[in-house]
Amino acid sequence: MVPVTLPTNFEWGFATAAYQIEGAVDEDGRGKSIWDTFCHLQPTRTKGANGDIACDHYHRYEEDLDSLVQYGASAYRFSISWSRIIPMGGRDDPVNESGIAFYDNLINSLLSRGITPWVTLYHWDLPQGIHDRYGGWLNVEESQLDFERYAKVCYERFGDRVKNWITINEPWIVSIFGYGNGWNAPGRSSTNPMSTNGDTSTEPWTVGKALIMSHARATALYNRDFRGPQKGKIGISLNGDYYEPWDSQDQRDHEAAERRMEFHIGWFANPVCLAQDYPECMRAQLGNRLPRFTESDFALLRKADMDFYGMNYYTSQYARHRGTNPPDTDFLGNVDELQENKEGMSIGEKSGVSWLRSTPHLFRKHLTRIYQKYGKPIYVTENGCPCPNEDKMTREEAVNDDYRVQYFADHLDAVGISCKDGSDIRGYFAWSLMDNLEWSDGYGVRFGVTFTDYDTLERTPKRSALLLKSMFNARMSNIPIGHPCVAELDE
Ligand code: PNW
């Protein structure tokens, strides 16, 4: 058996996001976000669910931080709700001191428990005020200035204690789900029958540039004014699956897999990690629908050098080339995505949600590819799954989450093996600390290590919550562990 070890001082913990857990949407001066509007205007788009109460974390955060201690976490990743800090969102709009106070208390409570805060500035909840005022992310020039000011307020008010910043969570999902297929707020799309506005051929690419430049402004500002005195780290969290060719004998499917990853990750990683233009295959397919970077944009990107690549990883897929020309609404790089290959082999074991199959062997490939391509230290900022049929289980059934335990074990081993490949991987956050609002899937899909009873709001640790600590300890102390994927990967 091959020992799988993680670097000493490896940081680990759990992740959440504001709208998914906080609730208290009308309290203490919080302004509305596009997710409040999205959930309430057309409830069928989120299975009737909304974040009005969610896990009521806003009132129960002390109890949730106690769980982190019980589970043995060294770090906690959460997001700040922009519209709690600046209710109307804009750079000339007032700061809400009650919103500041909530996160002050949260941060202080973490530190008093010896847990390191990791703060995401933007996890999808754009203030409705700036969406209404000028189109939000559709307005590249305005939105980056407002985001920069919001980031500045956060650094000024929390940066004495917060030393780990993530600017934006999953810009790909923000652009494509928000403005391409319309599955997420603000629900714009020209291909989704539920949407009444939007232009899928152009809007995702515009929004992508707004997010890249917003990240760049916030990071350049940190580097110029805050890094010296505050001595923290800053990065971005990108999602993106690994793709294998559907037909391993067909060169065109190999190219399709690579192209698919460029459309997913290179779109953002080229500018933010390398200060380079978008991947060539994107320009070739999208032409002038893909915005250009000016010289001053590149100058700003160069000033936005960051400390780490935050990786959100859940699953992988097969990529198959298409024989036809892509429509203007294609955002996948003219690639079909499949979970079975030409021989009918599944990419991995099914989970409790259709888009996710467990693919730890490809996690290793993904980590190694990203490290070699972009050269930044990696923190895995999200990884997790719902167990098969967990949506239909009682609490008593759901707490025995053996599928999740195995998923974590296999994915931790993949991290260890990628480290042996030479990758610099420094931390890991399990998604999520507790079952919460899974966006358009509502409350049915449970990603938590803690069971949330949505009637009583009572929390119950699942087996995985209690086991992760020893799983990390075992790997960090160099003890050989014989999980099946280890042997497979080391052949
Ligand atoms: C992430 N997909 O989103 C988000 O950062 C979390 O807020 C979310 O709860 C978590 O993953 C679980 O879904 C994703 O369809 C949503 O490939 C969907 C996909 C990927 C990531």
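**Helix packing and cysteines: worked exercises**

The crossing of α7 and α9 is right-handed, meaning that the near helix is turned clockwise from the far one by less than a right angle. We're working with a predicted model, where local features need pLDDT of at least 70, side-chain atom pairs count only at pLDDT 80 or more, and totals for chains, interfaces and linings use all residues. Residues are numbered from 1 along each chain as its sequence is written, and side-chain values use heavy atoms, leaving out hydrogens and water.

**Exercise 1.** Work out how α7 and α9 are oriented to each other.

*Solution.* Start with the axes: helix α7 (residues 140-158) and helix α9 (residues 203-230) come within 8 Å and cross at roughly 30 degrees. Next, the cut-off: angles under 35 degrees count as roughly parallel. So α7 and α9 are roughly parallel to each other. Sorted by class, their contact holds 11 nonpolar, seven polar and five charged residues.

**Exercise 2.** Check the span of α15 against its end C-alpha atoms, then see how enclosed α15 is.

*Solution.* The expected span is 1.5 Å times one less than the number of residues. For the 20 residues of α15 (residues 402-421), that should give 28 Å. The end C-alpha atoms are 29 Å apart, which agrees. Now burial (under 20% relative accessible area): 16 of the 20 residues are buried, so α15 is largely enclosed by the rest of the structure. After α15 comes G422, with a positive phi near 115 degrees.

**Exercise 3.** Find how many disulfides the structure has, and whether C154 is buried or exposed.

*Solution.* Look for cysteine sulfur atoms within 2.5 Å of each other; searching the whole structure turns up zero disulfides. C154 is buried, at 0% relative accessible area. C419 also counts as buried, at 18%.

Terms used: Buried means under 20% relative accessible area, exposed over 50%, partly exposed in between (1.4 Å probe, protein chains only). Axes are lines fitted to C-alpha atoms, for helices over the stretch in contact, and angles run from 0 to 180 degrees between N-to-C directions. Helices (H or I, at least four residues) and strands (E, at least two) are DSSP runs, numbered from the N terminus. Angles under 35 degrees count as roughly parallel, over 145 as roughly antiparallel, 65 to 115 as roughly perpendicular and the rest as oblique. Ala, Val, Leu, Ile, Met, Phe, Trp, Tyr, Cys and Pro count as nonpolar, Asp, Glu, Lys and Arg as charged, and the others, Gly among them, as polar.
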